[in-house]
Amino acid sequence: MRRRAEEDASGRSSGVNRIRRQSEFTPSQAAVLALQRMAGNQAVSIVLQRDFLDSGAAEAAFGDAFSAGALGKVLPEVNELVAQLPPRPRRWMESLNNATKHSLLHQAGVEGTKIVARIVEGFIERPPARFPDPADDAVCWRFLLEVARPNPLREGLVGRLPEWVGKLREIYAEADEHAREPDPAAFHRATEAGRRHLAEVREYVRDLETDGVLAAPQLVMSYLTRELSSWLRTLYQGAAAELGLTDYVLLAVGSVGREEMFPHSDVDYSVLVRKVTAKVAAVDALIGLQLKEMGEPDLDELSKGPPGAVAREHLVTKRDVLLDARTLHTEGRGPELENAYYAARRRLAADDVWRREIATSLIDAQSTKFSPTSVYLSHEDKDVKKGLLRLPTFIVRNLALYHGRTTTDLSVWARTDDLLEHGVLSAAVAADLRFVVDFASTLRIKLHNFYRSENETFRLAEDADPEYRGYVLSTAEEADFRRASDINRDLFARSKGFTLARSMTLGALRKAATEEAPTEAPGTGKDRDTTVRTTLLKLGDGRVAKLEEILVESYLVYQRVKLDGVEYLVESGTGVLKNDSGALPARSDENPFA
């Protein structure tokens, strides 16, 4: 449970005691005696898999090397080294697959324990962002070898890493066939500086939590956005300069664009260039190689290309995630690209009818996806980002889009203030929105700090069994969670009222039309129990809509309407006309949020 965090912060005791604490298992007596002889009567760390410590299994795993005592010479040192690990990597190694542990111990028996020492050093000096599934032997063994890779600068091994240096040369060659030779030492220095910067920023935020500063999550997120944006800008500028990319614009999009970053958030970006070339792709590849060396996941490069195409992608094809964008850096003739991009966005947004239809469809789709009854909250493992934070964040963003409101600060707090000031939100709704966003943001920062990764899950105390090692809400947090959930239910209902008022329903269509007498076509063969009833609806502007109703044994199964060559299904219950693109829009000034 969450209390395990206290264990992570506690000091370490002597090596032998550490080994004893890690060895609380009861293998067969024969195996104990054999291992005590090998390890000098010390208890054995669970670097060795518990299940194979019986007579015969050790022979099967290691053969003559085991029985001859070759492993006995290295086993105590291996145990002592692993015992020095911080709690998280130590627990991960304890849960490793049998085959992985056999491989590690065999490697140590053949080559000595230097590989284990390098693994321990790697975990301490370069803690990875994520650990692979300990049950996957192939992935874990490669992961351990990567952790054990020596620091090329300190060990003087630059030039003796053919795969790594070879990949670097490949990237340079892709950027320019006449590219100069890469400098592995400079690459490694830059990578290590980036890794240290991220580690220091995340450590600083972890310290903030203990000081109680998380009462103001917006300030923490603003700090993280500034630091992670600076990190991204430095990373991209360095890669672009190294490969000779000169005219471009780097855009922060998504949560980076909204200045709503968390300690281990994905960093989303887009790049404006006149033309996507091999050099542009090579910059992404070089950044990807640096991230791998840092132990970080790949960045989300979500779109790149000419300004007009990227603007359309942000506002049309990927509008659900990329509406928010701001400039991080321009290079060379970048300002021209930047001006063209924002001009294209303004042209698209200037169409009031289109903009309002887009905003309405987003409110409809996203409020449904992130509703309080969604899978993100209905299971025992609840997701703070998708279950609590997404709904208010996207409601505010999409209301701003609907009303054509633009603010320099794109955060949910700034937009809420702006919508309140202009009468789009009532004071009560604005206060409720802020409460949910404050609570969910604070909890999300705590979860990132607790897991030291982008893990957004938690449990209520009633759902946390004794074996659960994740984050459990305190009594006060649980009370705030229930209040936030109640508010989100209200926001969800208001969202549905907002979209329903702006969606054409079959009832409204019929009310505005003149109906012809319906005709019925009975089915034949296997469909003889099915009847298709067709009614033509003549609208005031001269258009004709065709209503088809499918009945089985006189029971209405579904209805569809064809208008202007487009087919819409009639949503059961609401009567809204919908297709894959959303609801057929209708005009309305009704605002359930005001």
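**Nonpolar cores**

Leaving aside residues up to four places away in sequence, I287 is in contact with L235, Y236, A239, Y269 and L299. The model is a predicted one. I287 also belongs to the largest nonpolar core, which has 91 residues.

- Within this largest core, the residues with the most contacts are W231, Y236, I287, L299 and F458.
- The most residues given to this core by a helix, 13, come from α23 (residues 427-451).
- Another core lies apart from it and has 22 residues, including V82, F123, C140 and F143.

- The structure contains 2 cavities of 30 Å³ or more.
- Helices α13 (184-210) and α14 (217-243) each contribute at least two residues to the lining of the largest cavity.
- By type, the lining of the largest cavity comprises 8 nonpolar, 3 polar and 6 charged residues.

**Salt bridges**

- Side chains of opposite charge can pair when their charged atoms come close.
- The structure has 34 salt bridges in total.
- D381 and R459 form one of them, with their closest N and O atoms 2.7 Å apart.
- This pair joins distant parts of the chain, 78 residues apart: D381 lies in the loop between α20 (375-378) and β5 (382-383), and R459 in the loop between β6 (457-458) and α24 (475-501).
- D381 counts as partly exposed, at 34% relative accessibility, whereas R459 is buried, at 8%.
- E520 and R533 meet through their side chains in a salt bridge of 3.6 Å, N to O.
- Here too the pair links distant parts of the chain, with E520 in strand β8 (residues 519-522) and R533 in strand β9 (residues 530-539), 13 residues apart.
- E520 counts as exposed because its relative accessibility is 52%, where the cut-off for exposed is over 50%.
- R533 counts as partly exposed, at 23% relative accessibility.
- A further salt bridge joins the side chains of R333 and E336, at 3.2 Å, N to O.
- R333 is partly exposed, with a relative accessible area of 44%, and E336 also counts as partly exposed, at 41%.
- A network of salt bridges links R258, E260, D324, R397 and R415.

How values were computed: Residues numbered from 1 in each chain as written. Predicted model: local features only at pLDDT ≥ 70, side-chain atom pairs only at ≥ 80, totals over all residues. Heavy atoms only, no water. 1 Å grid on protein atoms, 1.4 Å probe; cavity = no way out; pocket = protein on both sides within 12 Å on 5 of 7 lines; lining within 4 Å. Points joined across faces, edges and corners; volume = space filled by probe spheres on them. Helix = DSSP H or I, 4+ residues; strand = E, 2+ residues; numbered from the N terminus. Nonpolar A, V, L, I, M, F, W, Y, C, P; charged D, E, K, R; others polar. Core = buried A, V, L, I, M, F, W, Y, C linked by side-chain atoms within 4.5 Å. Buried < 20%, exposed > 50% of the residue type's maximum accessible area, 1.4 Å probe, protein only. Contact = heavy atoms within 4.5 Å. Salt bridge = Lys/Arg side-chain N within 4 Å of Asp/Glu carboxyl O.
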